[in-house]
Amino acid sequence: MSEAKKYNAPVTNPETAPFWEAAKAGKFMIKRCNTCGEAHYFPRAICPFCFSDKTVWEESSGEATVYTYSLMRKSPTGPYAIAYVTLKEGPSLQTNIVDCDLETVKIGQKVKVVWKPTDGAPLPFFTPA
């Protein structure tokens with residue numbers, strides 16, 4: 001019987017605390033700029049597109065599409081897939097694809113957020129939709 005993989009708790013700060021609190025409720029949050037209208041991830045106070053400080057929290061659908069990925073077959077912790085996914089709302093982020101046969105991961109595949117427990121807030125990963 002294999003043990004569930006253990007993940008380290010995320011390090012929080014006042015700027016990201018709302019993200020991690022929402023994560024505890026199963027909500028995947030992004031930020032949107034009220035000046036230029038662009039959504040961004042990782043959530044931060046200053047818009048990375050226009051540098052405005054007029055940003056607001058927004059709940060993401062958690063739906064995404066695999067933009068690119070790489071399979072790491074030889075690792076001390078076992079094989080894993082690292083990927084860039086593009087959220088339905090627009091931002092792209094680096095993540096891991098989990099809970100599936102890694103050989104079936106494909107560019108363009110629809111995925112959804114899944115939360116993995118830690119000793120603190122859960123961590124977001126993605127799994128086939």
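## Terms and model

A helix here is a DSSP run of H or I with at least four residues, and a strand is a run of E with at least two, both numbered from the N terminus. The structure is a predicted model.

## The annotated domain

UniProt, in an unreviewed entry, places the feature "domain: ChsH2 C-terminal OB-fold" at residues 57–116. By the definition above, this span is 57% strand and 0% helix. Its end C-alpha atoms lie 22 Å apart.

## Helix α1

Helix α1 covers residues 17–24, and its buried residues are F19, W20, A22 and A23. These four are on the same side of α1, because they cover an arc of only 160° around the axis.

Just after α1 comes G26, which takes a positive phi of about 80°.

Strands of a sheet pair through backbone hydrogen bonds, in a parallel or an antiparallel way. In this model, three strands form an open sheet in the order β2-β1-β3, and the pairing is antiparallel. The edges are taken by β2 (39–40) and β3; each has a single partner strand, so one side of each is left without a neighbour in the sheet.

The antiparallel strands β1 and β2 are joined by two bridges. Opposite A39 in β2 stands R32.

Conventions: Residues numbered from 1 in each chain as written. Predicted model: local features only at pLDDT ≥ 70, side-chain atom pairs only at ≥ 80, totals over all residues. Heavy atoms only, no water. Buried < 20%, exposed > 50% of the residue type's maximum accessible area, 1.4 Å probe, protein only. Arc of directions from axis to C-beta. UniProt positions renumbered as here; feature names shortened; annotations may be inferred. Pairing = 2+ DSSP bridges.
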